[in-house]
Amino acid sequence: LVSLFNIRFVASEYAIWGDQPGRIDTLGLDSNGAPTIIEYKREEKESIINQGLYYLNWLIDHPGDFTVAAQKTLGSQIEISWGNPRLLVIAQSFAKWDTYAVKRMGDGIELWRYVLYDKNLLFLEQVYGQPRQVRTVSIPDGMEIIQVEKPDYTVNFHLKDKKEHIVNLF
């Protein structure tokens with residue numbers, strides 16, 4: 001998690017209780033101290049965003065539970081910043097409405113699409129969220145992960161490295 005998303009691992013299959021009991025796939029703490037939830041889905045489901053948002057809401061409503069879990073794993077001296085918790089949803093695909101929905105929900109939500117080409121190559125593409133650095137990561141068991149973000153096609157992007165007369169024409 002650290003090499004891919006700059007997130008330190010806190011817990012896996014973390015059981016929550018309340019109106020809708022469930023299990024959060026992964027809890028973590030990012031490099032800025034923000035509590036982070038990672039949800040993994042093998043296939044597209046209509047409720048994928050709703051489930052992630054439910055878990056994110058639970059996290060915000062239960063900071064003490066997260067703090068105890070984080071201190072148990074990372075030590076009692078960790079600093080947690082509750083200003084912008086994160087939700088990462090990693091799936092093979094998303095419904096066409098998912099990206100439109102998360103655009104309205106504010107920062108801290110990321111959608112990642114994955115493709116498993118074989119047992120040793122995993123491709124990750126950020127579908128929505130704050131831009132992340134592109135890199136290839138080798139994992140000790142021999143799997144290589146390629147992480148890609150979508151380019152930001154601005155005017156400056158298109159004019160970069162163009163000759164002066166082309167820029168002037170533009």
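This is a predicted model: local features need pLDDT of at least 70, side-chain atom pairs count only at pLDDT 80 or more; totals for chains, interfaces and linings use all residues.
Residues are numbered from 1 along each chain as its sequence is written, and side-chain values use heavy atoms, with hydrogens and water left out.

View 1. Buried denotes under 20% relative accessible area, exposed over 50%, and partly exposed in between (1.4 Å probe, protein chains only). Strands (E, at least two residues) are DSSP runs, numbered from the N terminus.

**View 2. The hairpin of β2 and β3.** Strand β2 (residues 22–30) pairs with β3 in the antiparallel sense over four bridges; pairing requires that DSSP finds at least two bridges between two strands. Leu29 has Pro35 in β3 as its bridge partner. Four residues lie between the strands of this hairpin, where Gly33 takes a positive phi near 85 degrees.

**View 3. Pairing of β3 with strand β4 (residues 86–91).** These strands run parallel and are joined by six bridges. Leu87 in β4 is the bridge partner of Ile37.

View 4. Glu13 counts as partly exposed because its relative accessibility is 41%. Leaving aside neighbours within four places in sequence, Glu13 is in contact (heavy atoms within 4.5 Å) with Arg23, Ile24 and Asp25. A separation of 8.3 Å lies between the C-alpha atoms of Glu13 and Leu27, which are 14 residues apart along the chain.
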